[in-house]
Structure formats: structure tokens, C-alpha cells
Amino acid sequence: MPTDGDPDADLLSEQIRYYEARAPVYEQLYFRQGAYAIDDEAWTRNWERETGELERFVSSLPAEGSVLELACGNGLWTRFLAPRAEPLVAVDASPTMLARNRAWIDDGRVRYVRADLFDWTQDETFGLIFGGFFLSHIPPDRWASFWGKVRGWLAPGGTLAFVDDCWGPDRPRSSDRVVDGPDHAHVRRLEGQAFTIVKRFFRPHELEAAFAEVGLTADVRSTGEHFLYGTASV
């Protein structure tokens, strides 16, 4: 049953449990290791081309100053931001993700915060706020309130940046839509367990329009088949 009259509260709670359970193998999908390996040379070359485009984008971001990383995970993107940031505040709801991030990055400039971003409040402002594969996990009904809060954390002239999955005719690939449920509710399976989470897919122009609705001007690009990335500002 929904929690406190909020139809997405249970989805978001289960989403946190899913990523805590997935933390030990999270990076394997990105690096196509273990169960996620693909025995197709052409497919792999394209995947590496697209992930390389994402990595060049994140490496080019203005991270020389105060940086906030939303849902930092195991450090997949922290590794590109931490060496230039002073400081970097890395927030995630999963203690295992935070522990793995700390072990991988091992950088004293990173301050780790365990928190649910939808509930978290704080008073700092940042020159760069970055979210890697997070905005697609924001329910439609929470989109405006969440970004309204994040705008308050952005320093004057600051940049909001992101990378994420993009829309495609075969989406979702790693989950199933909930029968008779909202479009953003998806079931993912992990080691015999089923988790229902939030997952949304945007085309670049759709994401630009979604940001415009909350007063942010965005420039969103696609790597091709798999990903999108971009920046937004007030």
C-alpha cells in the first residue's frame, strides 16, 4: 500500500533497497563484466565509444571548486570529479555504495553523506551539481519539487550537469513495466529477488522541456543508442 498517501513513496523506498543490494556488482554493467559481458565485437565497440563520450563530458565539467554529486554510487563518476573539486560532497542513500566509493576513490577532499536525496536538506551552495544516472529515477510528481530544492543549492552562475540512459524503442532493457501500473514503475530482478523502482526514459528534447518547466535552461545531447548527457542552468 502507498505510504502516507504518496503513491511513489514505496517505489522510492524499494529503489533504495535495490541499489543497496546491487552495490557489489553495480559497475559490472557499465564495464560489461561478469553476467553483463557481451560477446559481440561491434556492439562492444559502440558501447565503448558512447561511454567514452560520457567520460570526456564529465571530465570537461567545471569541477574546480565546490561540487555536489547526487546519488554518487560506487564512484563511477566521482573518479572524474574528485581530483579537481575542493571539496566534493558525495550523497547516496546506500551505505554499501558509499563504502565502495570511499574505497575506490580514496580522496580526502570527498565528504560522504548518507541520505535520501528526496528528504535531504542542507544550506551549502555549489558551483557544480552533478547527477549520474539519477534523474531518470525521479518520479514525475516529484520532478518540480526536487529540482526546486536543487536550484537553491546552486551557486550564482553555477552549473547543473548529468548523464543518464536515453529513450529507445526497446526500452526498458533490464526491467519490466509494472502491469497496470504507472509508466515510471519498473520491476528489476537481482539474484532471485524482484524490486519495483522508478525509471523514466527521455529523448533530449523531452528532457530539455522538462527542465524548462522548472525554470532551468538545458542543453541535452545523445551519444547515440544508449545515453544522454548535458547541462542546465538558471
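**Chatting through the loops, the sheet and the cavities**

Reader: Where is proline 87 found?

Author: Look in the loop between helix H4 (78-81) and strand S2 (88-92). Keep in mind that this is a predicted model.

Reader: OK, and what kind of peptide bond joins glutamate 86 and proline 87?

Author: A cis one, with omega at about 0 degrees. Most peptide bonds are trans.

Reader: Which residue other than glycine has a positive phi near 50 degrees?

Author: That's aspartate 106. Aspartate 106 sits in the loop that runs between helix H5 (95-105) and strand S3 (110-114).

Reader: Is aspartate 106 buried or exposed?

Author: Exposed, because its relative accessibility is 67% and the cut-off for exposed is over 50%.

Reader: And what about phi of phenylalanine 133?

Author: Phenylalanine 133 has a positive phi too, near 55 degrees, and again the residue isn't glycine. Most residues other than glycine have a negative phi. You'll find phenylalanine 133 in the loop between strand S4 (126-132) and helix H6 (143-151).

Reader: So is phenylalanine 133 buried or exposed?

Author: Buried, since its relative accessibility is 12% and buried means under 20%.

Reader: What's the strand order in the open sheet of three strands?

Author: The order is S6-S7-S8, and the pairing is antiparallel. Strands S6 (176-177) and S8 (193-198) are at the edges; each has a single partner strand, so one side of each has no neighbour in the sheet.

Reader: How many bridges pair S6 and strand S7?

Author: Two, linking S6 to S7 (residues 185-190) in the antiparallel sense. For one spot to look at, aspartate 176 is opposite valine 187 in S7.

Reader: Which helix packs on the sheet?

Author: Helix H1 (residues 9-22), which touches S7 and S8. The direction of H1 makes about 125 degrees with that of S8.

Reader: Last topic: how many cavities of 30 Å³ or more are there?

Author: Two. The largest cavity has a volume of about 390 Å³. It is lined by 26 residues, and the closest to its centre are Tyr19, Ala71, Asp92, Phe134 and His137.

Reader: Which element gives the most to the lining of the largest cavity?

Author: H1 does, with five residues.

Note on methods: Residues are numbered from 1 along each chain as its sequence is written. This is a predicted model: local features need pLDDT of at least 70, side-chain atom pairs count only at pLDDT 80 or more; totals for chains, interfaces and linings use all residues. Side-chain values use heavy atoms; hydrogens and water are left out. Two strands pair if DSSP finds at least two bridges between them. Helices (H or I, at least four residues) and strands (E, at least two) are DSSP runs, numbered from the N terminus. Contact means heavy atoms within 4.5 Å. Axes are lines fitted to C-alpha atoms, for helices over the stretch in contact, and angles run from 0 to 180 degrees between N-to-C directions. On a 1 Å grid over the protein atoms alone, a cavity is a set of points where a 1.4 Å probe fits but cannot get out, and a pocket is an open set with protein on both sides within 12 Å along at least five of seven lines; lining residues have an atom within 4 Å of a point. Grid points are joined across faces, edges and corners, and a volume is the space filled by probe spheres set on the points. Buried means under 20% relative accessible area, exposed over 50%, partly exposed in between (1.4 Å probe, protein chains only).
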